[in-house]
Amino acid sequence: MQKIFVIGAGTMGRGIAQVASQAKYLVYISDINIDVVKKSLDMVKSGLDRQVEKGKMTKEEVQDIMDRIKPVEGMEKVNEADFIIEAALEDVALKQKIFKELDEKSNPQAILATNTTSCSITEIASATRTPERVVGMHFFNPPILMKLVEIMPGILTADETVDKTKDLALKMGKDPVVTKKEGPAGVTSRILAGLLNEAVWVLHEGIATVDAIDKAVVMGCNHRMGPFALIDLIGVDIHLAKTQMLYNKTGDDRYRPCYLLEQMVQAGLLGKKAGRGFYDYSKDPAEPVDFFKK
């Protein structure tokens with residue numbers, strides 16, 4: 001396995017591409033517009049340059065990493081890849097469209113992996129003629145720092161596909177967890193969704209403030225980050241979509257999303273990427289928002 005193709009040049013896609021390049025793979029990274037890809041790679045270069053400033057990398061090492069990442073548009077060069085990782089939006093119809101095209105244009109021996117956190121692997125694979133080579137490979141944000149990769153088979157995924165995906169994760173310096181079967185949102189995201197959802201309900205009921213709840217979880221549960229800081233990092237809209245999916249799939253009230261989340265999405269309070277969510281990031285340091293201030 002020598003060449004990896006990453007679909008989606010957003011936060012996750014560019015992070016995965018960097019991880020793969022640092023593991024000495026040749027990487028193609030693609031999006032619908034080549035300018036989007038080039039802008040994303042500029043962000044990768046900026047992050048690496050900061051490592052040079054800190055003395056953690058040399059300029060030569062940075063150039064070596066960047067030289068192995070090749071920007072492409074659409075499905076250009078996809079037929080050359082041994083392993084393909086899709087990191088597009090969490091929209092099963094979009095992913096099915098991508099995988100249908102991959103099934104037609106990729107090397108028939110290539111593995112087709114999706115970085116989804118909430119979409120069904122089996123449902124995505126149903127758009128292909130070769131569901132045995134489709135697998136879930138979920139990196140965590142930011143991919144360059146987080147060691148965990150969750151690998152999840154669909155109902156028709158071949159054991160060989162899972163084994164090769166685990167081997168790739170190890171060669172990329174990750175510590176993979178392989179699920180026994182497919183389940184909504186996997187392991188980490190499903191457990192975390194319940195915790196984050198409960199935090200929003202505690203806030204909505206007026207029991208404690210954003211900063212008090214975050215402090216309680218960090219100090220009392222030994223978490224690195226409080227639930228609201230984490231939702232802001234993930235994206236309020238992404239968290240809402242995940243809890244809605246889990247609630248619809250399981251019927252479990254633990255995942256019934258709080259109305260406050262819907263209000264925040266409608267108001268554009270999407271978290272760190274929007275400059276405001278549960279915290280106001282226009283302040284330095286960011287200040288917690290009081291949603292129920294009279």
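I am working from a predicted model.

**Entry 1, a helix pair.** With that settled, I looked up helix 7 (residues 188-204) and helix 9 (residues 227-234), which pack at an angle of about 115 degrees with their axes 10 Å apart. Their crossing is left-handed. From helix 7, I noted Leu192, Leu195, Leu196, Ala199, Val200 and Leu203, which meet Pro227, Phe228, Leu230, Ile231 and Ile234 of helix 9. Sorted by class, this contact has eleven nonpolar residues, no polar ones and no charged ones.

I checked the length of helix 10 (residues 236-250) next. Its 15 residues should span 21 Å at 1.5 Å a residue, and the end C-alpha atoms are 21 Å apart, so the two agree. Which of its residues are buried? I found Val236, His239, Leu240, Lys242, Thr243, Met245 and Leu246. Their cover includes helix 7, helix 9 and helix 11 (259-266). After helix 10 comes glycine 251, with a positive phi near 70 degrees.

I then followed isoleucine 4: beyond its neighbours within four places in sequence, it is in contact with Ala20, Tyr25, Leu26, Val27, Tyr28, Phe83, Ile85 and Leu168.

Is glycine 136 buried or exposed? Its relative accessibility is 4%, so it counts as buried, the cut-off being under 20%. Outside the four places on either side in sequence, glycine 136 is in contact with Thr114, Ile121, Glu150, Ile151 and Met152.

Most residues other than glycine have a negative phi, and most peptide bonds are trans, so I went looking for exceptions.

- Asparagine 141 and proline 142 are joined by a cis peptide bond, omega about 0 degrees; proline 142 sits in the loop between strand 6 and strand 7 (148-153).
- The bond from aspartate 284 to proline 285 is also cis, with omega near 0 degrees, and proline 285 lies in the loop between strand 9 (279-280) and strand 10 (287-288).
- Lysine 24 has a positive phi near 80 degrees, in the loop between helix 1 and strand 2 (26-31). At 58% relative accessibility, lysine 24 counts as exposed.
- Alanine 185 has a positive phi of about 70 degrees, in the loop between strand 8 (175-178) and helix 7. At 7% relative accessibility, alanine 185 counts as buried.

Definitions and conventions: Residues numbered from 1 in each chain as written. Predicted model: local features only at pLDDT ≥ 70, side-chain atom pairs only at ≥ 80, totals over all residues. Heavy atoms only, no water. Contact = heavy atoms within 4.5 Å. Axes fitted to C-alpha atoms, helices over the stretch in contact; angles between N-to-C directions. Helix = DSSP H or I, 4+ residues; strand = E, 2+ residues; numbered from the N terminus. Left-handed = near helix turned anticlockwise from the far one by under 90°. Nonpolar A, V, L, I, M, F, W, Y, C, P; charged D, E, K, R; others polar. Expected span 1.5 Å × (residues − 1). Buried < 20%, exposed > 50% of the residue type's maximum accessible area, 1.4 Å probe, protein only.
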